[in-house]
Amino acid sequence: MTASAGTRAASVALDAPRTPLPSVWRVGLSRGQVELKAFFRERQSVVFIFAMPAVMLVLLGTIFSGERTGPGVTIGDLYVAGLIGGGVMATSYQNLGMSIAFERERFTLKRLRGTPMPAAAYFAGKIIQVLVAAVAEVVVLVAVGLAFYHLRLPTSAMAWWTFTWVFLLGVASCSLLGIAASSVPRSAARNGVAVITLPFVVLQFISGVYVPFYLVPTWLRDIASVFPLEWMCLGMRSVFVPQAVTLEPGHSWQHGQTALVLSAWLVAGLILCLTTFRWQNRQDR
Amino acid sequence: MTEGNWAVRAGGLRKRYGDVAAVGGIDLEIAPGEVFALLGPNGAGKTTTVEILEGYRDRDGGEVSVLGEDPRRAGRGWRARIGIVLQLATDAPELTVAEMVGHFAGFYPDPRRPAEVIDLVGLTDQGRSRIRTLSGGQVRRLDVALGLVGRPELLFLDEPTTGFDPAARRAFWEVIRSLSGGGGVTVLLTTHYLDEAAALADRVAVIRDGVIVAEGTPGDLGGRAAAPAVVGWQDGDVRRSERTSEPTRLVADLAARYGGEIPELTVTRPSLEDVYLELIGAER
């Protein structure tokens, strides 16, 4: 046996913990629990994330109630679908982008990195928190739609399947983009809103969230169609207002292309996260 | 296996930031169970050194072994054996103290009971309080609790008592003494407070401009034990003093001269603070 192999064997024996480390799943569930507690106890952000789209839905639906639409389509129904798309992105992209930027700035990530918590458990906790918040967001908006507009829940299994994959692909790709975006601002407190939130607000105007998509000028629609939000809103319209297909610029729901674009963003977001994620901020390495 | 005899061993440790050498060749050896204090002014390289040992920063050169492993490549098993008390504060403001400590306990294979750790740092009455309602000193004690809950073999304390009131500081010292004395925990401490180093540390190193300028026990740092003492006394109307390396002989001579009691006798050696300020080149 060579000297270096002997040293390695000895050091491995020395390092073996007396009791096994807790599993990634256990720590991940514990992270999810803590993330959910922290999220739902932060009253201001909960109000912002949940009440804001609901208020926007009522406001926009009322202001534009006279707007011309297609046969059997009310503007309120279009807004329900659009705001569900926007709400899913708010609870994934914006929420994760801002919260992780703050966690990095406040050394939460650094402290966690100094413990045996597995990195995968940290992200599992974030996934749990985002999924719960995004489902809650959809429920709130659907409830408002049922109460104030003529929204009808889809009855076909096909429509629910579409909802499920659009929702999951949207949450996943926007979450990864949010994690990647969290590394961009130099300071979460000073320029997080400008760097993370502002592009999202712009996207909501051109992707069919705040303004019905068929009213957006073509060149802006072309820009919007590069990003995931437009495809998420398109998918949600196909689920909640299928009769509005005549209003769509392409007169079709383009499910295949939706899946393709969202999957592409999923891969791009994953690569961005893997190459840019840091546990410490720039000044602290 | 000399490696196994040291909890921490570093040789020729170097780290540059751009043109600035933050750490310029540091050697450290800390024995298991020892309390080792790193003293030095801000910007001397204390934090960089400690963060390399904690695995937070990469080094540019030198050999490092912490609990037998290179921190740069160490994994979860190694992190389970160390405890890090960072100088920070504001995360998870909406969780309670007990929730936070309990959550961190879940990261480790053999943690202390959360309630026990909360008692140990003196936060018993705050267990059910939200973290945002704690005072600055209480938050620091929570930081310490989070560093202890995993039952570490090696504890890193970065200026742990900053913001403590005197009573809390004394209580904290007792905690550290109980861990290192009875618990066999190795402690690497950085501090600004010389009384803290004197009270806790078995050995002290003074770091200045990225190198260690002196190392020893708090009693003999910088040759303090052998340094000349100053003997002072009152000679009629005149206050006299003499520097001598043989103060006992001088006192005996004086006693003979005065036939017993020497008027207003004092014998002083340089304090740890005197030695420290001289070592870091501070203006007196």
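The model is predicted: local features need pLDDT of at least 70, side-chain atom pairs count only at pLDDT 80 or more, and totals for chains, interfaces and linings use all residues. Residues are numbered from 1 along each chain as its sequence is written, while chains are lettered from A and ligands numbered from 1 in the order in which they are written.

**Chain B overall**

- Chain B has 9 helices and 12 strands. Helices (H or I, at least four residues) and strands (E, at least two) are DSSP runs, numbered from the N terminus.
- Its C-alpha atoms fill a box of roughly 70 × 45 × 35 Å, taken along the principal axes.
- Of the 284 residues in chain B, 42% are buried. A residue is buried if 20 or more other C-beta atoms lie within 10 Å of its own, exposed if 12 or fewer, and partly exposed in between, with C-beta atoms placed from the backbone.
- Among contacts in chain B with a separation of 6 or more, 65% link residues 24 or more positions apart. Two residues are in contact if their C-beta atoms, placed from the backbone, lie within 7 Å.

**The sheet in chain B**

- Chain B holds an open sheet of 6 strands with mixed pairing, in the order β5-β6-β7-β3-β8-β9. Two strands pair if DSSP finds at least two bridges between them.
- The edge strands are β5 (82-85) and β9 (211-216) of chain B, and each pairs on one side only.
- From one strand to the next, the twist averages 15 degrees.
- Strands β3 (residues 35-39) and β8 (residues 203-208) of chain B run parallel and are joined by 4 bridges. In this pair, L38(B) stands opposite A205(B) in β8(B).
- Helix α9 (residues 272-279) of chain B packs on the sheet and touches β3, β8 and β9 of chain B. The direction of α9 makes about 30 degrees with that of β8(B). Axes are lines fitted to C-alpha atoms, for helices over the stretch in contact, and angles run from 0 to 180 degrees between N-to-C directions.

**Where the chains meet**

- The contact takes 28 residues from chain B and 30 residues from chain A.
- On the side of chain B that touches chain A, the elements giving two or more residues are α2 (76-79) and α3 (97-105) of chain B.
- The largest share of that side, 4 residues, comes from α2(B).
- By class, that side of chain B has 13 nonpolar, 7 polar and 8 charged residues. Ala, Val, Leu, Ile, Met, Phe, Trp, Tyr, Cys and Pro count as nonpolar, Asp, Glu, Lys and Arg as charged, and the others, Gly among them, as polar.

**Helix pairs in chain A**

- Helices α4 (residues 75-105) and α7 (residues 157-181) of chain A pack at an angle of about 20 degrees, with their axes 7 Å apart. That makes α4(A) roughly parallel to α7(A). Angles under 35 degrees count as roughly parallel, over 145 as roughly antiparallel, 65 to 115 as roughly perpendicular and the rest as oblique.
- α4(A) passes α7(A) in a right-handed crossing. A crossing is left-handed if the near helix is turned anticlockwise from the far one by less than a right angle, and right-handed if clockwise.
- The contact of α4(A) with α7(A) has 11 nonpolar, 7 polar and no charged residues.
- Helices α2 (residues 24-41) and α6 (residues 119-148) of chain A pack at an angle of about 45 degrees, with their axes 7 Å apart. They are therefore oblique to each other.
- The crossing of α2(A) and α6(A) is right-handed.
- The contact of α2(A) with α6(A) has 12 nonpolar, 4 polar and 3 charged residues.

**Single residues**

- F107(A) is not a glycine, yet has a positive phi of about 70 degrees. F107(A) sits in the loop between α4 and α5 (108-113) of chain A. F107(A) is buried, with 21 other C-beta atoms within 10 Å.
- D209(B) also is not a glycine and has a positive phi of about 50 degrees. D209(B) is in the loop between β8 and β9 of chain B. D209(B) is partly exposed, with 16 other C-beta atoms within 10 Å.
- R9(B) lies in strand β1 (residues 8-17) of chain B. R9(B) is partly exposed, with 19 other C-beta atoms within 10 Å.
- R9(B) and L53(B) are 44 residues apart along the chain, and their C-alpha atoms are separated by 9.2 Å.
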